[in-house]
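Work through the following exercises with the sequence and the model side by side.

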Amino acid sequence: MASTVLEATRAAHEDLERLERLAVRELQREPANARDRLFQSHRVRHMLDLVISTSDKLVEIYEDKDNARKDEISNHLTAPTQNGIFVKYYERLKEIRDYHRRNPSARFISATDDYEELLKEEPVIEFTGERLFDSSCRISVVWMEAFGRYLDLHELYNEFINSKFGTPMEYSAYVGTFSQTDKITHSHKATRQYKEYLEHILEYLTSFLYRTEPLQDIEKIFSKLESEFEERWANGEVPGWENKGTDKESLPQESEIDLDYYSTVEELVELGPERLKQALAARGLKSGGTVQQRAERLFLLKHTPLEQLDRKHFAKVPHNSVSNTSSNGSSFKDDLKKEIALMEVKMRRLCELLDEVIVRTKENAEKKLTLTYEEMEAEREEEEVQPDTESDDEEQQIYNPLKLPMGWDGKPIPYWLYKLHGLGQEFKCEICGNHSYWGRRAYERHFKEWRHQHGMRCLGIPNTKNFNEITSIQEAKDLWEKIQARQGVNKWRPELEEEYEDQEGNIYNKKTYTDLQRQGLI
């Protein structure tokens, strides 16, 4: 009963203690599988949110802006004389007894049961994309994200490849490189389209991290990152923004037209008016006129440095607008570049936290390229069943005292099969880097596998049948020298045996023909 301010304060403190004990109890429980671990994190997060909201209420009560707590203490707990305190106490006790006399059916409701339900409920976690539902239809699941195992970057991928700063690539390649923004030029970064693209990435990654790791304090991470960023930005130490983007904006555009590759004005005309206009504007020259005039103006830089060029070729800037527009424009661009650089730093930090998920997503995207629709459907059904059976598999301890190899079902193979294939025999191959092969069958088969072929290629020896059963590097080299010596007499020598015919029908070998041709006799 929280009819008074003091009772509400007591109840709030009791709720805080109860929530703390429940959170500790929940974290001490070992989750059965990945889905249960995710639910556990969200339940603890919900308890922490209740702790924060209850603490905020207590702070408001103790601040006592309306003096309600002060008045209640003065009216019920203080009195001018000692006997007056007991009079107020018995008055309050009488009010409570009268209340229960008027309401005999009123029963005590314990809040403990309500808080115990927090340990049993399944939190609602919404993953965007294709929706499936579990048996209770409470949790919306997505095949693309698979309860936080993979990222769903298809919308961001489409936005990237259809933008001016993007390049065509496969989805699997984009997953592995979307956090690498060094290849994008500063001229493309200082655009609204790129800024919106970064905002969408940050929004998705932040949402994904909150849904999959709810106990992670993202705001604390960002606040620490922003304080470090201010210092690094002032010192010019932000990766990709060492010069704060104030170095010549025209460098990327100048590199598009390298005048060393053009020998005439006509070759520059073929580039078109737009590219010539961009190159001239990047260098501060006049960009008007016909295509021929633009090409002639740009061709002057082939033999004349930009500093020694006549001033009449440069674009004019009004004097009254220089003081206003240059200062306002430069400050606006600097703020925009700083904001974009901060978003890139945040994105890279989130990618570091989600590094394992990104690698898993890339592997899954490459795997799905090789699957048919039926195989993808079967894998989807397996993903649905796997969380339920995962805990049962983990509880079963495999008894394997002889340390037998595991079979296709994850259990040790029979001992008679182990002896039949001779899996107790170890064969080492020096060419394979002293790799061990167990059993005669695996040993014979390894001569055609990639590891042995790579070792032979490093030695400069062809991996033919002549080198079967040879595992020593020295033996392989000795055998190769013998084979070369034996084949030396019958070796094909093209400079002596390859024949050439001139226009008169004379036949020469390759060496003689090239010598005569070099002397101009043929």
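A residue is called buried under 20% relative accessible area, exposed over 50%, and partly exposed in between, with a 1.4 Å probe and protein chains only. The model is predicted, so that local features need pLDDT of at least 70 and side-chain atom pairs count only at pLDDT 80 or more, while totals for chains, interfaces and linings use all residues. Residues are numbered from 1 along each chain as its sequence is written, and side-chain values use heavy atoms, with hydrogens and water left out.

**Exercise 1. Determine whether cysteine 429 is buried or exposed, and how far away the nearest cysteine sulfur is.**

Step one: cysteine 429 has a relative accessibility of 0% and therefore counts as buried. Step two: a disulfide is a pair of cysteine sulfur atoms within 2.5 Å. Step three: the nearest cysteine sulfur to cysteine 429 belongs to cysteine 432 and is 3.5 Å away, and cysteine 429 is in no disulfide. By this rule the count of disulfides is zero. Cysteine 351 is likewise classed as buried, at a relative accessible area of 7%.

**Exercise 2. Describe how strand 3 and strand 4 pair.**

Step one: helices (H or I, at least four residues) and strands (E, at least two) are DSSP runs numbered from the N terminus, and two strands pair if DSSP finds at least two bridges between them. Step two: strand 3, residues 426-429, and strand 4, residues 435-438, are antiparallel and joined over four bridges. Step three: glutamate 426 has tryptophan 438 of strand 4 as its bridge partner. Step four: five residues lie between the strands of this hairpin, in which glycine 433 has a positive phi near 80°.

**Exercise 3. Which residues of helix 20 are buried, and what covers them?**

Step one: in helix 20, residues 450-459, the buried residues are His452, Gly455 and Met456. Step two: they lie on the same side of helix 20, because they cover an arc of only 95° around the axis, the arc being that of the directions from the helix axis to the C-beta atoms. Step three: the face turned away from this buried side carries the exposed residues Trp450, Arg457 and Cys458. Step four: what covers the buried residues of helix 20 includes strand 3, where contact means heavy atoms within 4.5 Å. Glycine 460, which follows helix 20, has a positive phi near 75°.

**Exercise 4. Identify the residues that touch the most other members of the largest nonpolar core.**

Step one: a nonpolar core is a set of buried Ala, Val, Leu, Ile, Met, Phe, Trp, Tyr and Cys residues joined through side-chain atoms within 4.5 Å. Step two: the largest such core has 40 residues, of which Leu151, Leu153, Tyr174, Phe178, Tyr197, Ile201 and Leu205 touch the most other members. Step three: among the helices that each supply at least two residues of this core are helix 9 (192-212) and helix 15 (319-353). Step four: once neighbours within four places in sequence are left aside, isoleucine 201 is in contact with Leu156, Tyr174, Phe178 and Met347.

**Exercise 5. Where do asparagine 67 and lysine 403 lie?**

Step one: most residues other than glycine have a negative phi. Step two: asparagine 67, in the loop between helix 2 (34-63) and helix 3 (68-76), has a positive phi near 60° and is partly exposed, at a relative accessible area of 39%. Step three: lysine 403, in the loop between helix 17 (373-395) and helix 18 (415-420), has a positive phi of about 55° and counts as exposed at 72% relative accessibility.
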